[in-house]
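Please open the model in a viewer and keep the selection panel at hand.

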Amino acid sequence: MDNFNKALCETILQKCRNLSLENQQDKKDGRFLADKSYAFDTMFFVCRYINFFRFGDTFIRDHRERENNYIADLFSLGNNTSQVKNYFTEALALLRFLGAVEYSDNNYKIVDDEIIDIFSSSFENSYIFLYLLSYSVLKHHQLWDLYTDFCLCPEDQKQAAYDNFRTEYIKADIRVKDPAKYWAFFTPKYPMVVLNYANGQNMISRTGKVKSQTVKRTDISLNTEGTRNNLDIPKKNDYLAEMSESYIIESLRPYLVTPPEEKNVEYSDTISIDIADTKLKMIAQRYNIPVKHKSQTDKYRYSKGAKTRTVQGEFRGGLFRKTPHVCPVCGFSYKDFLIASHIKPYAMCDDTYDAMNPHNGLLLCPICDKLFESANLMTIDSATGTVVLDESISGEKDFERIKGRIIDFAYIDCERKHYLRWHNEFYNQKHNKNQE
């Protein structure tokens, strides 16, 4: 399977062919891998944001609040986390280094759409780009042989091999003015860890210590459990489990030092792609932004046998798992016609946790869904479970059976009460406004 994904890899290598650690002499030149930009999910999410909010060939970075909101939600960080802003800053520095964007007065002119499209096409492609970038830079500086030595040497010689690699790497990296500085240990760590994942090699700590365990998916991602995440909201990082290692290995096989046995490619399009796009639409609505975003190309997405999961699909599945298969308002129970109705519409949610949370929903029949949608004509009292109809239809014979009906208490004796309270307030605002 040596030719699997050959065109993609050759395209990436062509983009990286003239890059070296010397291409960092000025801030406008950008920076090679750093603390945030070595992570495949950082590059994926930031590039998807750029494609959504760009204007033609320009991305204007004048909305830091919405950038922070986007990152804080997707990585489950608190908005006050000091590191939030660095995700965009370091990702854009890497895109400048790659020549994908040019910087001037807070504006980024996009000069290579293809690079941004590859990064934002899938998590796997984002990692493959970072791997081949690291491969190309090490080759340029004659450091690849030292990396190969590290991969092939016995376990008890790994630390010495890495120390040798690090010494030569730091000499080549013009960012490092004083090798004795503690942060100088970080600069060779980033490409080493990226390369070590696909090659099944040891993890390197921030202090330059070679650990006994091999690099895991959580080591090349920033969306992992840790002290910076908001522990009240679950991590949206299922792509760590679903990311196709076989797709990555078979794509990179010609460039691996220690390739494993060949495997058939198994691939699943992760839900996180839809989560990212859902969040982008939320931001556009919240800030009332007329978006004319660039359509995300499918050119680099692998679709053969892929199963696509979506936010709406996960939301519907959660409702069917957690609630009876019956409309709580009228009793309609034909499963195929039941609609997974958001209580708080996903475009108005505070974050993607709300958009996917089955407690933010009810399984309703098509008629009740129409009445309940966006609090147009019906709401359900969050305290009592009583069905409340708008005056314009409350006298209609067809709705007599549901007017004043009380739904099962189990529907409101949980987190759903919070969302129904929001629905009540939204209904009352619309109702009062219509009476004025």
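**Salt bridges and a helix**

Begin with arginine 217, which is partly exposed at a relative accessible area of 21%; this class lies between buried, under 20% relative accessible area, and exposed, over 50% (1.4 Å probe, protein chains only). The model is predicted, so local features need pLDDT of at least 70 and side-chain atom pairs pLDDT 80 or more, while totals for chains, interfaces and linings use all residues. Residues are numbered from 1 along each chain as its sequence is written, and side-chain values use heavy atoms, without hydrogens and water.

A salt bridge here is a side-chain nitrogen of Lys or Arg within 4 Å of a carboxyl oxygen of Asp or Glu. Glutamate 245 is also partly exposed, at 35% relative accessibility.

Next, select arginine 175 and aspartate 173, whose side chains form a salt bridge of 2.8 Å, N to O. Both residues are buried.

Move to glutamate 114 and lysine 15, joined by a salt bridge of 2.9 Å, N to O. Because glutamate 114 lies in helix H5 (residues 113-119) and lysine 15 in helix H1 (residues 6-16), the pair ties together parts 99 residues apart in sequence. Helices are DSSP runs of H or I with at least four residues, numbered from the N terminus. Include Asp112 to display a network of salt bridges with Lys15 and Glu114.

Finally, select helix H6, residues 123-140. Of its 18 residues, 16 are buried. Just after H6, glutamine 142 takes a positive phi of about 55°.

How values were computed. Helices (H or I, at least four residues) and strands (E, at least two) are DSSP runs, numbered from the N terminus. The expected span of a helix is 1.5 Å times one less than its number of residues.
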